[in-house]
Amino acid sequence: MESGQTVAVFGAYGHTGRFVVAELRERGFVPLLVGRDAGRLQALAASHPGLAHRVASVDDPASLDRALAGAAAVVNCAGPFASTAAPVIEAALRAGIPYVDVAAEIEANVDTFTHFTDRARAAGVAVVPAMAFFGGLGDLLVTTAMGDWTAADEAHVAYGLSSWHPTAGTLASGTVSRERRAGRRVRYTGGRLEYHVDESGLPAVEWEFPAPMGRRTVLGGFTMADVVTVPSHLSIPEVTTYMTTGAAQDLAGPDTPAPTAVDEHGRSAQTFTVDVVVRSGDTGRRVVAHGRDIYAISAPLAVEAVQRILDGRTRTSGVASAGRIFDAPDFLRALSAHLSLEPCPETPAPQFA
């Protein structure tokens, strides 16, 4: 689709930001490269002749205003989002343009819903946090699995990652989240987000993923941003996320390297399966997604969101998760070049070993 609209990418030179810039260009948008580091911006601009770049800092609102001037939307790819989300959202509201981010930080996403829901709605500006692999994709899958249900008892989101080589941004964001939690764990239970101290560690359970992954040990309560996005619009009092133990060990390992590109698109060899089950009584519904590279897939998720907002294909304005603001099944179908889906409308309620 030839758009020609300018979309600012804050943190354009970061790992995910580079994927977003490439995806915007592929779809006919004109990326505006924005970030805090002038040298890295200039280097990125040199690899994308014709693209403008602007230096901006979250500590300098005027620089953000100048950076967003003329943009139709902004995608924030610069973590930790605890520091960047609020200032960039403020700038987007001043400019009257939609804001999308790829935040996986639970607390940063809570802050966005808490502090900007009323203001964004009053301004008629769409603000979509966590529009990425964690938070956005899970929310779209849970919403799709719900179908015509208006409520469910539980939602389970199991992440089957073949490996997890974290970026520097992921590690920095994780450090900020751990500091904010002061050693506590977080879960969504009883219809609310709860912080607790658990000395026993995360429980290991067996999860039967579809082929080719099959039966894997996962850590229950490995809590991701889905516990913010899903309950923001769906009546589900228990939302639990899981992570394959090998990927969790990679993330925690002090010597785990950063992602390494293995194809012409810059993607790593990492593959993923996201297995979602929602339960109401004795009935479960299931949707499964397969794909490659959790950072690379965040780009089409974020850019598809921008495209739909600018096209007017939204269900609400203000702060909203992916499943709330978009037609979730249609959104996922639009990503068929990047995701393969296995809808299973009726499935037994989940059983864990």
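## Basis of the description

Residues are numbered from 1 along each chain as its sequence is written, and side-chain values use heavy atoms, with hydrogens and water left out. Because the model is predicted, local features need pLDDT of at least 70 and side-chain atom pairs count only at pLDDT 80 or more, while totals for chains, interfaces and linings use all residues.

## Helices α1 and α10

Helix α1 (residues 15-26) packs against helix α10 (residues 298-311) at an angle of about 50°, and their axes are 8 Å apart. Helices (H or I, at least four residues) and strands (E, at least two) are DSSP runs, numbered from the N terminus; axes are lines fitted to C-alpha atoms, for helices over the stretch in contact, and angles run from 0 to 180 degrees between N-to-C directions. The angle makes α1 oblique to α10, a word for what remains when angles under 35 degrees count as roughly parallel, over 145 as roughly antiparallel and 65 to 115 as roughly perpendicular.

In the contact (heavy atoms within 4.5 Å), Thr 16, Phe 19, Val 20, Glu 23 and Leu 24 of α1 meet Ser 298, Ala 299, Pro 300 and Val 303 of α10. These contact residues divide into six nonpolar, two polar and one charged, where Ala, Val, Leu, Ile, Met, Phe, Trp, Tyr, Cys and Pro count as nonpolar, Asp, Glu, Lys and Arg as charged, and the others, Gly among them, as polar.

## Helix α6 and its end

Helix α6 (residues 133-146) has 14 residues, which at 1.5 Å a residue should span 20 Å, and the 19 Å between its end C-alpha atoms agrees with this; the expected span is 1.5 Å times one less than the number of residues. Since 13 of the 14 residues of α6 are buried, the helix is largely enclosed by the rest of the structure, buried meaning under 20% relative accessible area (1.4 Å probe, protein chains only). After α6 comes Gly 147, which has a positive phi near 55°.

## Backbone features in loops

The peptide bond from Gly 79 to Pro 80 is cis, with omega near -5°, and Pro 80 sits in the loop between β4 (73-76) and α4 (81-95). Another cis peptide bond, with omega about 10°, joins Ala 211 and Pro 212, and Pro 212 belongs to the loop between β10 (204-208) and β11 (215-220).

Ala 130, in the loop between β6 (126-128) and α6, has a positive phi near 55° although it is a residue other than glycine, and it counts as buried at 0% relative accessibility. Asp 293, in the loop between β14 (283-292) and α10, is not a glycine either, yet has a positive phi of about 70°; at 1% relative accessibility, Asp 293 counts as buried.

Technical notes. Buried < 20%, exposed > 50% of the residue type's maximum accessible area, 1.4 Å probe, protein only.
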